[in-house]
Amino acid sequence: RRSGPRAQGVDPTKIQLPCARCKAILNVPHGLARFRCPQCDVDLAVDISKLQHFLAAAAPGPGFVPPPPPPAPPVPMPHMPFLPMMPPPPRMPMALPPEPPEEINEVAFDVEREEEEGDTVGETFMDYKPPKLSLGLPHPDPVVETSSLSAVQPPEPTYNLAIMDELDETRALSCLQIETIVYACQRHLHHLPTGARAGFFIGDGAGVGKGRTIAGLIWENWQQGRHKALWISIGSDLKYDARRDLDDVGAKCVQVHALNKLPYSKLDSKATGIADGVVFVTYSSLIASSEKGYSRLRQLVEWCGSEYDGLVVFDECHKAKNLIPEAGGQPTRTGKSVLEIQEMLPEARVVYCSATGASEPRNLGYMVRLGLWGDGTSFQSFHQFLGALEKGGVGALELVAMDMKARGMYVCRTLSYKGVDFDVVEAPLEDRMMNMYRKAAEFWAELRVELLSASEYYAEDKSNSAQIWRLYWASHQRFFRHMCMSAKVPAVVRLVKEALAEERCVVVGLQSTGEARTEEAITKYGVEMEDFISGPRELLLKLVEDNYPLPPKPDCSQQGEEKVTEVQRKRHYGPDVSLKGRVRKLAKMEDSDDGMDAHSPLESDHELTDSEEELHMCQICNTEEEKSLLLHCSNCATSVHPGCPIPPWTGTLTDDWLCYACKEIIEGYFKERDAYMAELSKRYDSAVDRKLKILEIIRALDLPNNPLDDIIDQLGGPENVAEITGRRGMLIRASDGKGVVYQARNTKEIALDMINMHEKQLFMDGEKFIAIISEAGSAGVSLHADRRVKNQRRRVHITLELPWSADRATQQFGRTHRSNQTSAPVYRILFTNLGGEKRFASIVAKRLESLGALTQGDRRAGPSLSAFNYDSSYGKKALTMMYRGIMEQDAFPVVPLGCSENQSSLQEFITRSKAALVAVGIIRDAVICIGKHGGKLTGRIVDSDMHDVARFLNRILGLAPNIQNRLFDLFTSILDVVIQNARSEGRLDSGIVDIKAKRVEMKEPPKTVHVDSLSGASTVLFTLTIDRGVTWESAKAILEERQKDGACSSNDGFYESRREWMGRRHFMLAFEGSTEGMYRVTRPAVGEASKEMPLAELEGKYKKASSADKTGEGWQEEYDVSSKQCMHGPKCRLGSDCTVGRRLQEINVLGGLILPVWGAVEKALNKQARLAHKRIRVVRLETTDDNHRIVGLVIPNTAVESVLEGLQWVQDIDE
């Protein structure tokens, strides 16, 4: 084949390629991808993807010299711009090769990811003091506020306290508490557009002093002539704290009446006599009613009156948070009652009070007096408000908190955790406990199979099956949570003894006490037993005893006595009655029309004459005979002469005589029935035997005792341990040391409802140095080292059972860290090596270390528990991906723990995982295949289970520790991949993002775009210029300073990227951070990165810079170029809109009040073309010239005009 004409001056060091049009062989320099053919003048581009095919197709001759490597994509250099591509001439006969793939700049990817995640480094909390009030003394302990909230100023205080002079003398309230009272009273002077009085929300963290603040509010209203108040709280014990707080603020004349001690009659009646004062109500009392249907709620409303304008305080109001439940749930009675009393008392001065009341937007549903939705707002209903916040993501709730503070309806401070020590203590399962757990998991799997078989074989009522399985899985979950708790008992006892030896006192926190199992055991075995109750064993016994399917028990008690009577029919006159007899019977019935019965008891059969006897026909000889002379079959009513049957009947005439035919049939029937009944009895006895054998196996299982009783016993009994729980009785070691005895917790001197207060006092007085608290018994209780109490030892707070609810965790930790303490507590957070408990404990510890309460305005304050929120949209997606991998419908996105890349180890893991999921009921209809796929396990996972994370986490507790941990690790690994993908695609909700820069300045004066008519607070648009870069001189100075301090490691210094991009390398400064093996990175264009880089990644992507001069030139060049263009270069597809790696940026932030303008902002953002611009993003920054902190929504440059048009007016802020 003839080749095309060769170009003149062929250079063998270059690659020769044919022109796509004229076929001339052209010399293509390496690195050149676009050029013009010198012969036909057409513009060409190298198609790299086809180069290998072209070169392979060329037949090499004997003297063939392999061509040099194909040219790389063009590398733009400062001195060599891209060659321009001219439009192809119309005469070109064929399409040109496509453009080469875009070169990847992996450093730009890293920078983009860092910018997307934002900066979480630095102080998240700010020391707090009232910004606009100088009344009262400083708070006795350091108090902090999130930096987001601290960027917002409350309105000017205008309310003058009537009790201020008294407070100046008594010094009973701190400046923080006085500030709260002023703003609450000021807020109560306003009404919402709905006509109801505006309410106030105290969101201070646990231990700040909300109780005394409420007492001050009540005393202020009392002085204003409002002598009635409702104080609704979580437990009746807190009534005594309320009394103490009122006394402390000087309100000793204000009476406190416990509603649960009062009759259902009118409170202001002569019998009850409550004309004024504080009625203390628990949430359980609020929903109570008498047998006659008279409710406490109605009783309270009648006492207040429809014009009531006094206080209604919802203390610990998170109790009502489930007014608006998740989809499919039902609102709680408590939530509905809280809403109802607010509707019935529209003029009441409502105060919501909780450290965890606003942990989720959904939990705000009952706070109707805040005026965040409804008439006069951007949201017509709570559901519309909720939808906007959920769409806005994590940062939206921070904006709500900031809005509420700016409008003077919210305060939210928390105690500083400085001085608090945290220790995450691993309590791995001991060998005995590990074996116990493994055998228990195996037993539950076998019990499930047994119940499935018994349900199919024995149960006749299949409708009861669903109830059995609900009870089974509920018991399954409780059982293994109990096992996890029991595994930590040895560690708890050891830690308590260590603390006591160090002259400290201990508080052990748990959630459940196992009282229900104990009371059931006492009912069965009596009050004296050989050993403590095993909660897991009693739970299993109850499950099997009450729910094991049994067939109906056969009733054989009257089988022998009533064989005949069961099948006999009553005598009747059949066709054997003769005509004469029937006529006589009819005549006799007519004679009885006078009202007397034909067979009146006044007559007897003996008084009848022969002529009145009925005549019957013998069925054998067909002759007529008197009835009394014939035999009558009691079954078929046949009448015969005694001599007619063969053989003749020689016995006496009886009423239960049977003819020979019936006798033969009936005796055969009873024989069959006896056999059938014997089979039923055998079946029933077999089922009972199986049930008894299961119960014997349960009794033989090695299972742990009730942890609460076990701990108290090992620490010396009730004499040494103060128990503050909700249970009524306990098991204690007998005086002779043999066995245990059940006794009530209270005594004759102390009532049951006072026992927790008594135990608390013993602990605070130093008579007992160990306290065990449960959620039910300790709500609102103070156990800290209060300056006013005798027990001044430092508290060591040990968590035996960590609640999986973030709100409940905060409430428990707040028992020992409170205001006015002489020493901060030590937290010992225990975890086992099962499932996710270790990871959860670590997150909690870090969270507490950096924060305090979980739900302040900034939920990112420290590592948030939301990072542990597996039951999220990302968690659901990860679970679905894991299930599809296990069911071999898709490949795993990660390699499971313990598996290698080879298929056999992966298949072994899949097989084990399938068997495990079958055992816990997630894979259903399991079948072992035969034939081609012999031995393979198949089944199905129902759609509702595919994304039910809570069910997965609960069910895997019932697996052996090894496979349990492997499945959990796989799930969390996939979750990390899902979150990373969401982050890289710009879909991850990262909450508030800190913008750190060397220079942050206002480009122009801020503009007011909205003013709230009620509070006067405004919405402001800020336009700022930021410079994030670090010059070469500054970078050298940073490194020299570290070297001077001797803080450098061998890997510290300047680095350059291993790969070139567009003809140059990227440079950066790296030095070891807070953790060994992690490095802090500073780049020329964007400064210090928000995340530390692992050493492996650092050495994989970068190498130590060899020349200082070369590094300096490259650093400065990148610094200069980044002022005008992004890291993707001049050809970036997004053009000037792209800000990745750009040093100088202009950003617009909408700060101040956001909720009133939410609709306009959302509408404007929805019009944006870029996905990243459509998302609501909350940022936080601080100007460098005047330290002005700004928190608000980022408004893209392309959306500013649209936002302003939506708000309709703009006004420059007065200087």
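Which residues in H16 meet which residues in H17?

Modeller: The model is a predicted one. In H16, the residues concerned are Arg-517, Glu-520, Ala-521, Lys-524 and Tyr-525, and they meet Gly-535, Glu-538, Leu-539, Leu-541, Lys-542 and Glu-545 in H17. By class, the residues of this contact comprise four nonpolar, one polar and six charged. Helix H16 covers residues 515–525 and helix H17 covers residues 535–547; their axes come within 9 Å and cross at roughly 70 degrees. Because an angle of 65 to 115 degrees counts as roughly perpendicular, H16 is described as roughly perpendicular to H17. The crossing in which H16 passes H17 is left-handed.

Helix H9, residues 296–304, and helix H10, residues 333–344, have axes that come within 11 Å and cross at roughly 25 degrees. H9 and H10 are therefore roughly parallel to each other, since angles under 35 degrees are classed in that way. Their crossing is right-handed. From H9, Leu-297, Arg-298 and Val-301 take part in the contact, while H10 contributes Ser-337, Glu-340, Ile-341 and Met-344. The residues of the contact of H9 with H10 are four nonpolar, one polar and two charged.

The buried residues of H27 are Ser-905, Leu-906, Phe-909, Ile-910, Ser-913, Lys-914, Ala-916, Leu-917 and Val-918. An α-helix has 3.6 residues a turn, so residues three or four places apart point the same way. Just after H27, Gly-921 adopts a positive phi of about 75 degrees.

Strand E28, residues 924–928, contains Ile-928. Ile-928 has a relative accessible area of 59%; because exposed means over 50%, Ile-928 is classed as exposed. Ile-928 lies eleven residues from Gly-939 in sequence, and their C-alpha atoms are 8.8 Å apart in space.

These elements belong to a protein chain whose secondary structure comes to 36 helices and 43 strands. Of the 1215 residues in the protein chain, 50% are buried. Among contacts in the protein chain with a separation of 6 or more, 71% are between residues 24 or more positions apart.

Notes: Residues are numbered from 1 along each chain as its sequence is written. This is a predicted model: local features need pLDDT of at least 70, side-chain atom pairs count only at pLDDT 80 or more; totals for chains, interfaces and linings use all residues. Side-chain values use heavy atoms; hydrogens and water are left out. Buried means under 20% relative accessible area, exposed over 50%, partly exposed in between (1.4 Å probe, protein chains only). Helices (H or I, at least four residues) and strands (E, at least two) are DSSP runs, numbered from the N terminus. Axes are lines fitted to C-alpha atoms, for helices over the stretch in contact, and angles run from 0 to 180 degrees between N-to-C directions. Angles under 35 degrees count as roughly parallel, over 145 as roughly antiparallel, 65 to 115 as roughly perpendicular and the rest as oblique. A crossing is left-handed if the near helix is turned anticlockwise from the far one by less than a right angle, and right-handed if clockwise. Contact means heavy atoms within 4.5 Å. Ala, Val, Leu, Ile, Met, Phe, Trp, Tyr, Cys and Pro count as nonpolar, Asp, Glu, Lys and Arg as charged, and the others, Gly among them, as polar.
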